[in-house]
Structures are given as C-alpha cells and as structure tokens.
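Please keep the sequence and the structure in view while reading.

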Amino acid sequence: MPAPTGSGEEVLVQVEGRQRFEALRVGATGFLLKDNNPQLLVDAVRAAARGQGLIDPQVTGRLVRRFARLSPQPAGSDLARLTAREREVLLQVARGLSNGEIARALWIEEGTVETHVARVLAKLGLRTRVHAVTYAHEHGLTLSVDP
C-alpha cells in the first residue's frame with residue numbers, strides 16, 4: 001500500500017483487487033502490472049516526475065468497467081467551463097489513451113494535447129490524469145464512449 005515519501009507523494013509497491021480503487025481514491029497516480037516491460041516502468045517514473053499518471057492498458061479496462069458500474073454524479077457547472085476540444089481530450093484521457101495516441105486520434109500536435117490536458121486539470125481542480133479519468137467516470141462522461 002502507500003508509503004509516504006515525505007514530499008506528499010506516495011509510492012505504491014503492490015496492490016491487488018479492490019485496493020487499486022482505494023489507492024485511486026487516496027491519490028494514486030498510476031498502476032503497472034508486475035510483468036510489464038522495463039520501458040513502461042521508465043515511462044511511468046518519468047510521468048510521475050512530471051506530475052502525470054500512467055495506468056497499464058490492461059488495468060485501464062478493468063478500472064473503466066468498475067467506474068462505469070458506479071452511479072454517475074451529475075456533471076456540474078465546472079464541466080461547462082471546458083471547451084469542446086478540452087472535453088474531447090478529457091474523454092480520450094478517460095479511455096486510457098496517451099498524449100501521442102490522442103494527438104493522432106484528434107489530428108493535433110502532441111504539445112497541443114499536453115496543453116489541453118493541463119487546462120482540463122486546472123479548470124476541474126484535478127491534480128493528475130488519473131484523477132481526470134476518475135472524474136470522467138464518476139460524472140458519467142464515458143458511458144457512451146466506445147471501449
């Protein structure tokens with residue numbers, strides 16, 4: 001479970017099953033499976049250093065299904081502050097896509113995706129991409145998004 005590092009950040013050594021969801025609730029920014037390739041681990045550490053999260057694609061599917069079963073909260077006026085493009089980017093983030101994948105899907109530059117993600121996080125008062133995924137699912141924004 002979480003181990004305080006003194007900087008307010010936490011490192012998750014190993015969590016299983018329901019612990020993953022509790023870890024997200026208390027601020028985890030990513031999950032990797034133990035059999036991942038080493039490059040994904042390096043990418044995850046770099047993402048965490050940038051204040052971003054990285055979730056293994058295999059875990060993303062499980063998280064999406066779990067959050068989809070939860071009763072969605074109404075999307076308040078904070079969502080209305082997003083531009084149409086920011087909302088598109090939020091939905092792609094909620095699907096578990098990387099910045100590069102979002103850029104290709106929306107035909108925009110990766111740097112533009114990074115800008116949109118930063119604006120979404122700021123406007124919604126979120127800390128990380130993982131929190132954005134949680135927000136989108138809790139507010140029922142992904143129920144009509146294809147897997």
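## The segment after helix 8

His 139 is located in the segment that follows helix 8 (129-138). The model is a predicted one, in which local features need pLDDT of at least 70 and side-chain atom pairs count only at pLDDT 80 or more, while totals for chains, interfaces and linings use all residues. Residues are numbered from 1 along each chain as its sequence is written, and side-chain values use heavy atoms, with hydrogens and water left out. Helices (H or I, at least four residues) and strands (E, at least two) are DSSP runs, numbered from the N terminus.

His 139 counts as buried because its relative accessibility is 14%; buried means under 20% relative accessible area, exposed over 50%, and partly exposed in between, for a 1.4 Å probe and protein chains only. A polar atom of the His 139 side chain lies 2.8 Å from the backbone oxygen of Tyr 135.

Helix 8 itself is mostly covered, with 9 of its 10 residues buried. The buried residues include Arg 129, His 131, Tyr 135 and His 137. Just after helix 8, Gly 140 takes a positive phi of about 70°.

## Overall composition

The protein has 8 helices and 4 strands. Read from the N terminus, its elements follow the order β-β-α-β-α-β-α-α-α-α-α-α. Of the 147 residues, 39% are buried. Among contacts (heavy atoms within 4.5 Å) with a separation of 6 or more, 59% join residues 24 or more positions apart.

Glu 86 belongs to helix 5 (residues 84-94). Glu 86 counts as buried because its relative accessible area is 2%. Its side chain makes a polar contact with the side chain of Lys 123, at 2.8 Å. A polar contact is a pair of N or O atoms within 3.5 Å; within protein, one must be able to donate a hydrogen and the other to accept it, and residues adjacent in sequence count only if both atoms are side-chain atoms. Leaving aside residues up to four places away in sequence, Glu 86 touches Arg 81, His 116, Arg 119, Val 120 and Lys 123.

Leu 90 also lies in helix 5, and a relative accessibility of 2% places Leu 90 among the buried residues. Not counting residues up to four places away in sequence, the residues that Leu 90 touches include Leu 79, Val 120, Ala 132, Tyr 135 and Leu 141. His 116 is 26 residues from Leu 90 along the chain, and their C-alpha atoms are separated by 8.5 Å.

## Residues in two loops

Arg 127 is found in the loop between helix 7 (110-124) and helix 8. Trp 107 occupies the loop between helix 6 and helix 7. Most residues other than glycine have a negative phi. Trp 107 is not a glycine, yet has a positive phi of about 60°.

| Residue | Relative accessible area | Class |
|---|---|---|
| Arg 127 | 49% | partly exposed |
| Trp 107 | 80% | exposed |

## A cavity and a pocket

On a 1 Å grid over the protein atoms alone, a cavity is a set of points where a 1.4 Å probe fits but cannot get out, and a pocket is an open set with protein on both sides within 12 Å along at least five of seven lines; lining residues have an atom within 4 Å of a point. Grid points are joined across faces, edges and corners, and a volume is the space filled by probe spheres set on the points.

The structure holds 1 cavity of 30 Å³ or more. The largest cavity is lined by Val 89, Leu 90, Val 93, Val 117, Val 120, Leu 121 and Ala 132. Helix 5 and helix 7 are the elements that give two or more residues to this lining.

The second largest pocket has a volume of about 590 Å³. Its lining consists of 24 residues, of which Gly 53, Leu 54, Leu 97, Ser 98 and Arg 129 lie nearest the centre. Helix 2 gives the most to this lining, with 4 residues. The second largest pocket lies between domain 1 (19-70) and domain 2 (79-139), because both give residues to its lining; the domain bounds come from an automatic or database domain assignment.
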